[in-house]
Structure formats: structure tokens, C-alpha cells
Amino acid sequence: MTTALSPQHRAASLARMASERFDILVVGGGVTGTGAALDAATRGLNVALVEATDYAAGASSKSSKLIHGGLRYLEMLDFALVREALTERGLLLTRLAPHLVKPVPFLWPLTHRGWERPYVGTGLLLYDTMGGRRAVPRARHLSKTGTLTLAPALRPDALVGGVQFYDAQEDDARMVAVLARTAAAHDAALATNVRMNELVNSSGRIAGVMATDLLTGAPLQIAARHVVLATGAWTGRSDGPGGDVRVRPSKGVHILVPRDRIAMDTGLLTRTEKSVLFVIPWGEHWLIGDTDTEWPFDPSYPVASRADIDYLLAKVNHMLTEPLTAGDIEGAFAGLRPLVAAGAGADTTKLSREHIVRSPAPGLSVIAGGKYTTYRVMARDLIDVAARDLSGRDGQPVPASRTHEVPLRGADGYQQMWEAREQVARSAGLPVTQVERLLGRYGSDLTDLLALMAGRPALKEPMPGAASYLGAEIVYACSHEGAVHLDDVLSRRTRIRIEVRDRGAEAAHHAAELMAAELGWDQAKTASEIGRYQDLIAADLAAEAMPDDLSAFEAARDRLGRVTPSEQSPPIPSIQGD
Ligand SMILES: Cc1cc2nc3c(=O)[nH]c(=O)nc-3n(C[C@H](O)[C@H](O)[C@H](O)COP(=O)(O)OP(=O)(O)OC[C@H]3O[C@@H](n4cnc5c(N)ncnc54)[C@H](O)[C@@H]3O)c2cc1C
């Protein structure tokens, strides 16, 4: 079976799902689910994964995009969580995904004389030490002048000095697509736009699921010896099969502004009353976030309100000599942290970022909580629980997790290509900066894109309306990265929806033409994909004009009157059978 996530791969996966009995069926294609599929597949298990919408359509495309130990957990004295996350950061930076995960500098401005420098300095020293083998530079102390030289945009009266430290960042949605591709390369069957409706119960055990192929409406029964739910904010919404696992979605909003609007050579982290504010360098933009508020509405469509945006602007402007205005905003997005619920009424900023795994019924395991950075540990713990159930039934031991030694697609050969990037650029007829950008997105799989562009030189052209992307990236998203809708390409395989001031309205037409040729769309289908994408951005913009969450949610829902089934909330699953 081909390992590119092409339409043929999806069809072959669906055929397998209809005919085979899998060892493990993963429900949910976020970072946890794709990580679990990879973990199980690399143990030699027969694995399938279904995702209701698209890879990373939930929280896994809406994060702050940091691979970090979490300084605030250090402050909460949660050393084990910080150490675990820093170990994962090191693994990703050096072995598993050096093409996708990169060090990022942060400035911590000091605002109090005396106690604050030793307090912050000791914390960051501990952070550096816990990070183990050097994967990022060490923290360094800065005088007030040094801080302002690094960050002239900051108000001199808002700080007394600073400390610079390093963490790591990635493009969250891309990494999930790469995880899915890596799982496919280890023979997992994967399909997006397949929604689980019900769990199937046979003789007191979960034996698979009833699902729907949302592209055709066809029902699908998938047989599996063990089902794992990695459904993020959708988990345990009511009396579903999540058992006592309850997730309390907490909404986080980010905005993007042009890089030249803040004169700074570093990211910024400052404290807020409830949490922290990040200003993160993100290509030609700054990513500013985030918020942390309860979201009691449909988890399929969290949106930013004007209150969220005003809050972020106020917090960042507190630090800046030249304040940002709403007119500077290029994009905004909202996501839901799938936090494990404590008692009702607890403040979401205080809920644990740690994960839990439960087996509420024989043949079924559920994971909740956690964070992107520790996806590999979460996936390992989830499959360990499933593996114990499998080997308890047939006496066959399941090998231990080996994902700590399995590089993601594009990692092998990346370093050599990076070193040869000038030569690669010359022979491809592309600027070196473009090759560097592409290497950071595709790693050594850039070879495939170069072959595509060599055969179709027009695909080297920048996308009209989104000039930092090339036409080849749109085509490749369909042929190799599982994109089937225009939204998949503009929101997640590229980040045009959040990076371009018109939210991708112009690029949508050009991207749709390229996709139509690749996926065989006729005119009507192409027009409906464009219309659907326009509805999505209209919903975002309508919500962003509203003063609070309820009116923002209602405004978005009204705009999405024409939603297609794959955008509807996956229903709360129930258990079917005897
Ligand atoms: C604002 C914000 C900032 C964050 N920043 C960071 C950060 O910087 N670093 C960090 O480490 N972590 C961060 N996190 C946390 C991290 O993003 C999440 O913990 C992680 O992405 C959750 O992944 P997941 O796979 O568990 O859930 P999700 O990504 O939400 O995936 C769940 C998937 O299940 C699918 N699904 C649901 N029901 C069904 C069904 N019935 N059938 C089929 N599929 C179904 C959904 O469509 C969805 O794609 C942040 C989170 C947020 C919201």
C-alpha cells in the first residue's frame, strides 16, 4: 500500500477498515490520536485511525505552537511534568523531528528590582538543567540597556532588566499531518472525514465502531480488538463511553500581527494576572496569545470574540511603545484545551495539563488532558494500556513503545539537505530562503516537491494572495498529505487562513483550481468548496466583531447555516450491541 496520504491511500484504508479486524482502532486524528497510531504501528500492531474532520482540525492546529517544558508548571512546583516535557523537547529537536521543531528565544522582562532577578534566574537555571543535553542555548541575564537593545519596541518604563531563555516551536497542524504520514509508512490504515457514531459491543467487550464516511455518506463498521478514544475536547461530553473521564474545554485565543509592527529580535513572555502572555516570532508574523476561559458551547467551532482580541491587545500594549490596534491584526484563531475536569466550578487555569488514561469498558481505552509537547508520552501510555488488554486476552506479549527512536517523515536526510541548501536552491532555480523555508516544513521530503516542480515549473510560482506559499505545496497537500477540502489546505497544510489579512479569500480561488485538477473536482464541486471556505472565514469575522462568547458563537453558527456534515459536531458516542 502507498504511504503517501493520497486519495488512493484513503480508499485503500477504507477497504481495509471494511474487511480487516484491527488490533487497535484509534478514534481522533489530533496529535494524540496520530501519535497513538504511530506508537501502535511501530510495535507491530495492525492499526486503523478515523478522524471526523481533518488531521489536527481540533486543538492540534490551534495551539501556541510551542514545544516547551512550561515555565508556569515550574512555578507550580510540578517538576515531574516539566522534566518530562523538556525531555520530549530534546528528543524532538535532535532526533525525531529536527526539521519541524526549532529553538525559539524568549525574553522575560523583569519589572521589580531586587528579588525578581534571582527568582526568575534560579527558575531558568533549573529549567536549563532539567532540559538535560544541550538542545537549545542557555538562559542569559540582560541589563535594562541590553534588554532594550534586543527589544527596542518595549517601553523603557515597563521594565528594569530582563532574562533571555530558549524553548522550541513548530507548526502544530503540519506536524500532525507528518505523524499521520509516518504512521501510514508503518502500515496504519488512516482516513479523515470518517466519524465514529457508536461503539459496538459484543459479549460484554467493545469490538469496534459504527462510523460514517462523510465524503460519501456510506456507513462503515470497523472491527477492532481494542478501541482507543483520543477525541480531545469531544471526550466524555455527557454520559458517553468515556466513563469517569470528563474534559473541561478551556478556550485559548491567539492573534497574528506583521513582524515589522514590533521591533524585537526575540519572543516575549510576560505574566498576566491569571496566566502568561506570549509574543512568539512566527515566520513573517508575531503570534500573540493566549486567553484561558471556559467554553460551554459546541467544541467543533470555538471562535474568538472582540473581548478576547481586546484583552490580548491590552495586555501586549501594556509593554509596547507603539501600541497595536485592531487594524494591525492579520488573523486570529481559537482552540479548546482538552483539560481533565476537576470539580465543577474550578478555574480552568488551575486544571492539570497532565493526561489520564482510563478503560471504562473491556476493549476500550480513553485518554484525556495532556499537552502537545508530551504527545509521544501520552500515546505510549494509551497504547500500553491497550496492549495490556490485548496480551491479557491472547497471552501474546505486545512489544514496548519504540517511538523515541522513530524519526518522523522528512527527518532522515534533513541535515544533509540543509547543509547542501545553496546547491539545492541553485539546481531547483529557487531562492535559498525559499529552500530553507521548505526544508523547515517538509525536511528531506522536499525531494518530492522538487521533483513535482521540475515536472511542472508553474508550481514554483508563489500563490496569488498568499505569496509566501508555492503552488506545489497545494498540490502536494492533496497528493501526499491527506487534504481533501479547500479548508484543509488553507487552514492546516498551509496557514494561509491565519496569516493573510483577507484570511485567504483571494488565495482560495487559486488553491481550489489546483486542488480541482489534482482531485478531479468538477466546476460545481470547486464552487461549493470555495463557498464553504468563504462561509468559514465570514463566520470567524462575524464572531470577532461580537462582544462576548455567546454572541460570537451565535454569529458564527448563523453564518455556518450551510455547513456540511463533516463540520458538524461528532455526536456523543453511545455503545451499541448486546
Ligand atoms: C490555545 C491553546 C494553546 C496551546 N498551546 C500549547 C503549546 O504551546 N504547547 C503544548 O504543548 N500544548 C499546547 N496546547 C495543548 C495542545 O494543543 C493540546 O493538548 C493537543 O493539541 C490536544 O490534542 P488531541 O489530539 O488530544 O486533541 P485534538 O487535537 O482536539 O483532536 C481530537 C480529534 O478528535 C476528533 N474527533 C472527535 N470526535 C470524533 C468522532 N466521533 N469520530 C472521529 N473523530 C473524532 C476531532 O475532530 C479532533 O480532530 C494548547 C492548546 C490550546 C487550545
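The model is predicted, so local features are reported only at pLDDT of at least 70 and side-chain atom pairs only at pLDDT 80 or more, while totals for chains, interfaces and linings use all residues. Residues are numbered from 1 along each chain as its sequence is written, and side-chain values use heavy atoms, with hydrogens and water left out.

Select residues 47-50, which form strand 2; strands (E, at least two residues) and helices (H or I, at least four) are DSSP runs, numbered from the N terminus. Val47 and Leu49 on one side, and Ala48 and Val50 on the other, are all buried, that is, under 20% relative accessible area with a 1.4 Å probe and protein chains only. In a regular strand, side chains alternate between the two faces of the sheet.

Move to Gln169, Trp282, Gly283, Arg437 and Gly440, the closest to the pocket centre among its 27 lining residues. The volume is about 850 Å³, taken as the space filled by probe spheres set on grid points joined across faces, edges and corners. On a 1 Å grid over the protein atoms alone, a pocket is an open set of points with protein on both sides within 12 Å along at least five of seven lines, a cavity is a set where a 1.4 Å probe fits but cannot get out, and lining residues have an atom within 4 Å of a point. Helix 12 supplies the largest share of this lining, five residues.

Five cavities of 30 Å³ or more are present. For the largest, of about 100 Å³, select Leu5, Ser6, Arg10, Thr192 and Gly482, which lie nearest its centre. Helix 1 contributes the most to that lining, three residues.

Finally, select the lining of the second largest cavity, including His99, Arg174, Arg441 and Glu481. About 60 Å³ of space lies there, and helix 7 gives the largest share of the lining, three residues.

Technical notes:
Buried means under 20% relative accessible area, exposed over 50%, partly exposed in between (1.4 Å probe, protein chains only).
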